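Student: Could you go through this model with me, chain by chain and then a few single residues?
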Amino acid sequence: MTDTTMDSVSTLFRPGTSDKEIEAAALKAIAARKRTVLFWQVTILVAIVAIWEIGARTGFIDPFFYASPSAIGSRLYEWATEGTTEGSLWYNLGVTMEEALIGFFTGSIAGIVVGVGLGQNKLLSDILSVYIKAINSIPRVVLAPIFIMIMGLGLASKVALAFIMVFFVVFANAFQGVREADRDMIANARILGASDWKVTREVIIPSAMSWIFASLHVSFSFAIIGAIVGEFVGARYGIGQLISIAKGTFDAAGMFAAIVLVMVVTLVAEYLMTLVENRLAKWRPQQSLDTH
Amino acid sequence: MSDRQTAPAPAPAIELINITRRFVSPTGKSLTAIRDFNMTVERGEFVAVVGPTGCGKSTTLNLVTGLAKPSAGEVRLMGAPVNGIDPRVGFAFQKDALFPWKNVIENVMAGPLFRGRTKAEAEKMAKDWLARVGLSKFLHHYPHQLSGGMRKRVSLAQTFINEPEILLMDEPFSALDVQTRTVMHEELLKLWAERQASVVFVTHDLEEAVALADKVYVLTAGPATVKSVYTIDLPRPRVVSEIRYEQGFIDYCKTIWEDLRQEVETSYRRASEAA
Ligand SMILES: Nc1ncnc2c1ncn2[C@@H]1O[C@H](COP(=O)(O)OP(=O)(O)OP(=O)(O)O)[C@@H](O)[C@H]1O
Ligand SMILES: [Mg+2]
C-alpha cells in the first residue's frame, strides 16, 4: 500500500509543488486504490455467481447437487416470507444464534480467566500442561453425541459444545499472551507501586489482549460450528437442523441457503468484532487507515 | 526516618554488604554474577557504576529494588534490611518500560494511582511533571507516537512523580543520540538537585559517569566486585555540555579509563575464549 502512494506522489512531484498538493494527490491515490480493490472484489463475486448460474442452466453444472444461485435466492426468499418446514426462519436462526452466542461469551470469559490465571502460575501450569495437551488433542466435535446424550436435544447440549470449542482456543491464546508479557514492564509496574491484582489488570491483561482478540475472531466461527454440529447430531430447531432436513430431502438449494445465512451472520459478527478491537487497540502503531 | 532524630549521622541510603548473587539454571549449572560486593551510597549522593558488559551491573540494581534477593550478604536501605519492593525506590529502565496502551499522561499517572492517590490528584501531579520535562503538548499521545528522547522523558516523569528517595538508573540514556543525551543529563542533574535523592547510575559511558557523579565505581569483569572507587571533585552545579572541555574532567576520565580498560579487555578475552 505504501509503495503505491509513494509512487504516485513521486510521479506527481514537480518543483514548487506545495505540501497541500502532495497530500491531496496522496489522498486521491489512496481513494483510487480503494476503488480498484472494491471493483475487483465485486467483479469476482459477480463472475462466480454468473458462471454458477449459467453452468446450472446449461447443465454444465448439475443443479441437483450444486443448486443454482437463483434457486438459493428464491429458497431464502421463501424461507424468509413463508417460513420453513420447522417454523419461521427467524426463529430457527435465533435458536442457533442463541446457542452460539451463549457458548461464545461463556467460553471466551472462561478461557480468558483460566488462561490468565494459569499463565501466571508456573507450577500449576507445569502440572496441568499434560492434561491440557491431552484434552486439546481430542477433536471437539466428537463430543457432540456425548453432550446430547447427557443434556438432551435442547439448548444446553449445543451451548456446551460451542463453549468447549471456544474455550480452548481462547484459553491457549490468553495463556500464551500472559507468558509473553514483558518482564521489564511488569517490574516497572511493581516498582511504581502496583499490587499483584493491579499488575494483572493493568499490565498482563492489556498485553495479552492482542493475543486474546486474535483468538476471539476465530472463536466466533467456532461457536457457530459447535452450535450447528450439535444440531446435526440432534435437535428440533436451528440452522443445523434445517441443513439436516434439506439433506434428507435432497434439497441442495436448501443446504446452500443455510450455508449462505451462516456465512452472512459470521461476517457481520467478524465486522463488529473488528470495530470493537480497533476502538480498544487505538494505541497500537500498526493500525492502518483502510481497515474495512 | 526516625533515626534522623536519634542518630547524629543518618544511616546511608544504600548499603550492599558482602553481596553474592548466583543464578542456577534449570539444568543445575550455577553462575556467579556478583561476588563479595560492597558499596555504600550516602544520602543525596550521586554514584555512577561502570564496568564491562555482562559483569553484573543490572543484577546489582535488581537486588536494591527488592525484585531479587542476594544469595549471600545483606542489602540495607536507609539503615533497614530490604524486604520486598521498597516504595522509596524509583527505577529507570534501560529499554523503556512505558505501557504502550496508556497515553503519556496515563503512563505518568500510573505510579500515584497504584499508590492509592485519587484520579484528580494523580492528574494534577502528572501534568506538573510533564510540564517539567517539556511534554505538556503531548499528554494524549501514545508512546509509539513519540520520539525516543520524548519517551525517555516520559519515563523519567513516570519515575520521578513518586518522588523516590533512592533513584536507580540502568543505562537510562544509552539509546539516545548525543544531543538528546546532553539535554537529558542537564534535566537529570536539575531534578536531582531539587530533590536531593540518592542516585545509582549504571552506564557504559565513562564520560557520562564522570560528568554526573560524585563517586564512580569501577567493577571487575564478571563475577562483579568493586575494583576501585573514584571521588569526582568537580564543582557543582555542573554544565554537562561544557564540563567535558575542562582539564580536571579529562584527567579523571584518563585515570579511570586506564583502570576500566583492563577489565574490559579481560571480559572480551573471556568472551572470545568461550566462543
Ligand atoms: N535471570 C538470569 N538468569 C541467569 N543468568 C543471569 C540472569 N540475569 C543475569 N544473568 C547473568 O549474570 C551476568 C550479569 O548480568 P547483568 O545483566 O547484571 O550484566 P550487566 O553488567 O548489566 O551487563 P550490561 O552492561 O550488558 O547490561 C551475566 O553473565 C548474565 O548472563
Ligand atoms: Mg545491564
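Tutor: What follows is a conversation about the two chains, their interface and some individual residues.

Student: Before that, what kind of model is it, and how are things numbered?
Tutor: This is a predicted model, in which local features need pLDDT of at least 70 and side-chain atom pairs count only at pLDDT 80 or more, while totals for chains, interfaces and linings use all residues. Residues are numbered from 1 along each chain as its sequence is written, chains are lettered from A and ligands numbered from 1 in the order in which they are written, and side-chain values use heavy atoms, with hydrogens and water left out.

Student: OK, chain A: how many helices and strands does it have?
Tutor: Chain A has 12 helices and 0 strands, where helices (H or I, at least four residues) and strands (E, at least two) are DSSP runs numbered from the N terminus.

Student: And what is its radius of gyration?
Tutor: Chain A has a radius of gyration of 25 Å, whereas a compact globule of 292 residues would have one near 19 Å; the value is taken over C-alpha atoms, and the globule rule is 2.2 Å times the number of residues to the power 0.38. Along the principal axes, the C-alpha trace of chain A spans about 65 × 65 × 30 Å.

Student: What about burial and surface in chain A?
Tutor: Of the 292 residues in chain A, 40% are buried, where buried means under 20% relative accessible area, exposed over 50%, and partly exposed in between (1.4 Å probe, protein chains only). The accessible surface of chain A is about 16700 Å², and 70% of it belongs to carbon and sulfur atoms; these areas come from the Shrake-Rupley method with a 1.4 Å probe, and for residues only the protein chains shown count as cover.

Student: Switching to chain B, what is its secondary structure?
Tutor: Chain B comes to 9 helices and 10 strands. Its radius of gyration is 19 Å, close to the 19 Å that the globule rule gives for 275 residues, so chain B is as compact as a globular protein of that length. The C-alpha atoms of chain B fill a box of roughly 55 × 50 × 45 Å along the principal axes.

Student: How much of chain B is buried, and what is its surface made of?
Tutor: In chain B, 51% of the 275 residues count as buried. The accessible surface of chain B is about 12800 Å², with 53% belonging to carbon and sulfur atoms.

Student: Now the interface: how many residues are in contact?
Tutor: On the chain A side 20 residues are in contact with 22 residues of chain B, contact meaning heavy atoms within 4.5 Å.

Student: Which residues of chain A lose the most area there?
Tutor: They are I191(A), L192(A) and W283(A), which together account for 39% of what the chain A side buries. Between them, chain A and chain B bury about 2000 Å², 67% of it on carbon and sulfur atoms; buried area here is the accessible area (1.4 Å probe) that two parts lose on being put together, summed over both.

Student: Back inside chain A, is F65(A) buried or exposed?
Tutor: F65(A) is exposed, with a relative accessible area of 53%, and F65(A) is found in helix α3, residues 63–66. Leaving aside neighbours within four places in sequence, F65(A) is in contact with A252(A) and F256(A).

Student: And in chain B, where does E45(B) lie?
Tutor: E45(B) lies in the loop between β2 (30–41) and β3 (46–50), and at 10% relative accessibility E45(B) counts as buried. Apart from neighbours within four places in sequence, the contacts of E45(B) include W192(B), D214(B) and K215(B).

Student: What about N103(B), buried or exposed?
Tutor: N103(B) is buried at a relative accessible area of 7%, and N103(B) lies in the loop between β6 (89–92) and α3 (104–114). Not counting residues up to four places away in sequence, N103(B) touches L139(B), H140(B), H141(B) and Y142(B).

Student: Last topic, backbone geometry: which peptide bond is cis?
Tutor: The bond from R236(B) to P237(B) is cis, with omega near -5°, and P237(B) is found in the loop between β10 (226–231) and α8 (240–243).

Student: And what is phi for D36(B) and Q196(B)?
Tutor: For D36(B), phi is near 45°, a positive value in a residue other than glycine, and D36(B) is placed in strand β2. Q196(B), which is not a glycine, has a positive phi of about 50°, and Q196(B) is in the loop between α6 (178–195) and β8 (198–202). D36(B) counts as partly exposed at 44% relative accessibility, and Q196(B) counts as partly exposed at 46%.
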